[in-house]
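Please look through the sequence and the model below before reading on. The report that follows takes up a pair of helices and then a sheet.

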Amino acid sequence: MTDKRIVCVTGASGYIGSWLVKRLLERGYHVRATVRDPGNERKVKNLLELPNASTHLSLWKADLTEESSYDDAVQGCQGVFHVATPMELLYHDEPAENEEIESTTVNGILSIMRSCSKAKTVKRFVYTSSTGNIMMQRQPPVDEYTEEHWSDLDLCYELKMFAWKYVVAKTTAERAAWKYAEENGIDMVTVHPSLVLGQSVTPQTSFSTEAATVLYTKDEANIALPKKLHNLSAVHVDDVCNAHIFLFEHPLAKGRYICSTHIFNIFEVGHSLREKYPDKNIPTEFEGLDKSPKIIPCSSKKLIGLGFEFAHKNKDVGDLCAETIEWCRVKGLL
Ligand SMILES: NC(=O)c1ccc[n+]([C@@H]2O[C@H](COP(=O)([O-])OP(=O)(O)OC[C@H]3O[C@@H](n4cnc5c(N)ncnc54)[C@H](OP(=O)(O)O)[C@@H]3O)[C@@H](O)[C@H]2O)c1
């Protein structure tokens with residue numbers, strides 16, 4: 001009989017995955033971190049250097065596109081945190097070229113759940129979903145989005161808004177996962193973060209780091225990004241990862257959980273960053289955008305009601321972006 005707590009984290013080299021690994025190691029978990037290429041030193045070095053990694057972390061090669069790829073990593077685990085997603089979907093607009101990526105997201109989650117069924121050791125499967133799976137509504141709610149809302153995929157196909165294929169893929173994957181969980185007796189909990197901000201473990205940039213730093217860098221390649229970030233919700237990466245662990249451990253956790261603390265508009269972020277970096281000429285005017293939009297928040301009441309406390313809720317969104325900016329500066333990424 002062993003009292004080792006063994007869990008698997010998919011997408012462990014990514015922005016959220018690596019922070020989750022860090023927090024799990026700190027709590028004494030034995031973590032099996034899956035990455036597509038364990039030999040890619042740039043991606044895995046920071047994971048291997050985390051506190052407790054030498055005794056509690058192992059790297060496993062696995063890919064969402066390969067059936068049974070996660071069998072070995074999942075076998076013997078009590079928990080699986082499925083974080084990996086082909087994030088490049090965010091940037092693609094054309095359906096045809098994305099069918100494959102969408103099917104990677106959907107088939108990938110089902111393949112990992114089949115690994116859980118085979119293993120017979122997994123007590124709970126935690127999926128990193130998104131508020132994107134919630135917020136695309138033809139008639140938005142008057143006061144707040146809740147876990148009862150599911151994004152309307154017909155509306156996504158109609159509007160083809162920013163990241164619409166990502167929303168379609170993630171929503172389709174989540175629906176398929178709930179069906180599989182119900183039919184196969186998997187205890188699944190989904191976490192729905194809004195835009196995740198804050199520092200990082202990985203040395204590579206992600207959508208989150210690009211979003212947090214774009215007003216600071218005024219990067220030409222991302223020139224349209226600020227407008228896409230207008231009128232959004234956000235949350236600190238540490239709160240997101242602690243919520244994952246909280247929901248894994250809580251005996252009464254059930255269903256979907258929104259994980260979001262902030263609502264913001266890009267004007268506020270611009271002003272906040274301009275105060276923090278007066279010599280950087282941070283933009284504060286954005287043509288064509290409503291300065292006082294009605295922002296409908298994503299409610300984290302269900303998560304808070306279960307006893308979760310957000311540690312970073314009192315920072316402003318500029319603080320969260322500045323944290324990412326400082327981390328990028330220290331790492332020489334800016
Ligand atoms: N960042 C946000 O603001 C945000 C908000 C809400 C929800 N989320 C969700 O959070 C999760 C993580 O996002 P992130 O921001 O941390 O993204 P990220 O930094 O881009 O990490 C994505 C990870 O997915 C892995 N991956 C991509 N394609 C894969 C494949 N075919 N097989 C196996 N692994 C694959 C990558 O692994 P390799 O190292 O092997 O390339 C990478 O580690 C995603 O599910 C995303 O939908 C993110």
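How are α9 and α14 oriented to each other: roughly parallel, roughly perpendicular, roughly antiparallel or oblique?

## Basis of the report

This is a predicted model, in which local features need pLDDT of at least 70 and side-chain atom pairs count only at pLDDT 80 or more, while totals for chains, interfaces and linings use all residues. Residues are numbered from 1 along each chain as its sequence is written.

## Two crossing helices

Helices (DSSP runs of H or I, at least four residues) and strands (runs of E, at least two) are numbered from the N terminus. The axes of α9 (residues 207-217) and α14 (residues 317-330) come within 9 Å and cross at roughly 90 degrees; α9 and α14 are therefore roughly perpendicular to each other. Here, axes are lines fitted to C-alpha atoms, for helices over the stretch in contact, and angles run from 0 to 180 degrees between N-to-C directions. Angles under 35 degrees count as roughly parallel, over 145 as roughly antiparallel, 65 to 115 as roughly perpendicular and the rest as oblique.

T209, A212, T213 and Y216 in α9 meet C321, T324, I325 and C328 in α14, where contact requires C-beta atoms, placed from the backbone, to lie within 7 Å. The residues of this contact divide into five nonpolar, three polar and no charged, with Ala, Val, Leu, Ile, Met, Phe, Trp, Tyr, Cys and Pro counted as nonpolar, Asp, Glu, Lys and Arg as charged, and the others, Gly among them, as polar.

## The surroundings of α14

The buried residues of α14 include L320, C321, A322 and E323; a residue is buried if 20 or more other C-beta atoms, placed from the backbone, lie within 10 Å of its own. These buried residues of α14 pack against β7 (195-197), α9, β8 (232-236), β10 (262-264) and α12 (266-276). After α14 comes G332, whose phi is positive, near 75 degrees.

## The seven-stranded sheet

Seven strands form an open sheet in the order β3-β2-β1-β4-β5-β6-β9, with parallel pairing, where two strands pair if DSSP finds at least two bridges between them. The edge strands, each pairing on one side only, are β3 (57-61) and β9 (255-259).

In β6 (residues 188-193), five of the six residues are buried. Four bridges join β5 and β6 in the parallel sense, with Y127 opposite T190 in β6, whereas five bridges join β6 to β9, also running parallel, and V189 stands opposite G255 in β9.

Terms used:
Contact = placed C-beta atoms within 7 Å. Buried ≥ 20, exposed ≤ 12 C-beta atoms within 10 Å, placed from the backbone.
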